[in-house]
Amino acid sequence: MQVRDLTSVIENYAPLSLQESYDNAGLICGSLDNEVSSVLLCTDVTEAVIDEAIAGNFNLIISHHPLSIQPLKNLLPDNWIKRCLIRAIKNDLNIYAAHTNMDAVLKGVSGKIADKLELTEREILEKNADLHTGFGLVGELPQAVAAREFLEKVKSIFHCGVIRHTALCKPQVKRIAVCGGSGAFLIRQAISAGADLYITGDIKYHDFFNTENRLILADIGHYESEQYTKEIFYELVTKKISKFAVQFSKVNTNPINYL
C-alpha cells in the first residue's frame, strides 16, 4: 500500500481543488510513492502526535489541520512546527492534511457536526459556483427544543469546557446552522437562512453584536467543532481498505484549556 492509495481516497471525496488559496492541504511531508503499513488520524499534528506515531510505528499521519500554512524559511529547530517536520523526516513519516477542501464538501466538517446533531433537510450556507460545495450548513431538528436544553446537549456532545453565546432570543430552536472552525463570516448567511441558532467557533466580541438578536450565536470552540473530522478519515480509509491498520490519535491537541 502506497501513500497515494490512501490520499486518493480522501481527494476523491474532497478534491484538493476545493481548498482555499491560502491553504496547504495535501501531502506535507514524505512521498506519494512511500509504502504505508499503518495510519494515525488526528485533528492537529503536534510534537506529541509525532512521538505517538513513532512509538506506535505509524508511518502515515492524516490530519485535518496542515502542520504549516505559512512558508518556512529554514528547518532550524526553533519552533514546534519545524521540530515536527525534522522528526518526521528523520523517522520516514508521511504527513497529509485535508483542511478547507474537507470544509467545502456537503458531508465534510460541517456535515459531521450535523450528523452529531441529527439535522435533516440540509443546505449549504455559502455555496460555491458549482452549487454543490461550499461552507457551513443549515438543517432541521426532528422537533423544536428549548434553547437552553439544546445548548446543554451540544455542550455534552462536543465535550465543551464552555459555550459562549448571545442572549437566548429564541425560546425554542429547530432550524440549526453550523460551521466547523472559524465561522463568523457566515453569520449573515445563517440569519438569511432562517436559522434559530448558529453553532461555530472563534467568535470575536464584536461578532456577537452582528446577530442583532435575530438568532442565537453559539461559540463552542474551534477544536471542539472540528474534533470529529477524523471520523470522516476513518470511514473513508477503512471502507476502501477494511483490514488496514488505522487508529485515532490518543493525544488531545486542543491548545485551549478552561478554568
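This is a guided tour of the structure above, stop by stop, saying what to select and what is there.

The model is predicted, and local features are described where pLDDT is at least 70, side-chain atom pairs count only at pLDDT 80 or more, and totals for chains, interfaces and linings use all residues. Residues are numbered from 1 along each chain as its sequence is written, and side-chain values use heavy atoms, with hydrogens and water left out.

**The sheet**

Begin with the open sheet of five strands, whose order is β1-β4-β3-β2-β11 and whose pairing is mixed. Helices and strands here are DSSP runs numbered from the N terminus, a helix being H or I over at least four residues and a strand being E over at least two, while two strands pair if DSSP finds at least two bridges between them. The edges are β1 (26–29) and β11 (245–248), each of which pairs on one side only. From one strand to the next the twist averages 25 degrees.

Next select residues 60–63 and 94–97, strands β3 and β4, which pair in the parallel sense over four bridges; the bridge partner of Ser63 in β4 is Ala97. Contact means heavy atoms within 4.5 Å, and angles, which run from 0 to 180 degrees, are taken between N-to-C directions of axes fitted to C-alpha atoms, for helices over the stretch in contact.

Move on to Asn57, in the loop between α2 and β3. Asn57 has a positive phi of about 60 degrees although it is not a glycine, and its relative accessible area of 60% makes it exposed. Buried means under 20% relative accessible area, exposed means over 50%, and partly exposed lies in between, with a 1.4 Å probe and protein chains only.

**The nonpolar cores**

Now colour Val39, Ile62, Met102 and Tyr198, which touch the most other members of the largest nonpolar core, a set of 39 residues. Such a core is a set of buried Ala, Val, Leu, Ile, Met, Phe, Trp, Tyr and Cys residues joined through side-chain atoms within 4.5 Å. At least two residues of this core come from each of α1 (3–13), β2, β3, β6, β8, α7 (187–192) and α10 (229–240). Centre the view on Val39: leaving aside neighbours within four places in sequence, its contacts are Leu6, Phe58, Leu60, Ile62, Phe244, Ala245, Val246 and Gln247.

Select residues 109–117, helix α5, where seven of the nine residues are buried, so the helix is largely enclosed by the rest of the structure. The buried residues are Val109, Ser110, Gly111, Lys112, Ile113, Ala114 and Leu117. Lys112 has 7% relative accessibility, whereas Asp115 is partly exposed at 39%.

Asp115 and Lys112 lie three residues apart in α5, about one turn of the helix, and form a salt bridge whose closest N and O atoms are 4.0 Å apart. A salt bridge is a side-chain nitrogen of Lys or Arg within 4 Å of a carboxyl oxygen of Asp or Glu. Asp115 also meets Arg122 in a salt bridge, at 2.8 Å from N to O, and Arg122 is partly exposed at 30%. Salt bridges that share partners join Lys112, Asp115, Lys116, Arg122, Glu231 and Glu235 into one network.

The whole structure holds 13 salt bridges. For another of them, select Glu47 and Arg83, whose closest N and O atoms are 3.1 Å apart; this pair links distant parts of the chain, with Glu47 in α2 and Arg83 in helix α3 (residues 80–90), 36 residues apart.

**Helix α6**

Finish at helix α6 (residues 147–157), where Ala147, Phe150, Leu151, Val154 and Ile157 are buried. Seen down the axis of α6, these residues fall within an arc of 120 degrees, so they line one face of the helix; the arc is that of the directions from the helix axis to the C-beta atoms. What covers them includes α5, β6 (134–146), β7 (164–165), β8 (172–182), β9 (197–201) and β10 (216–219). On the other side of α6, Arg148, Glu149 and Ser156 are exposed. In the loop between α6 and β7 is His159, which has a positive phi of about 50 degrees although it is not a glycine and counts as exposed at 57% relative accessibility.
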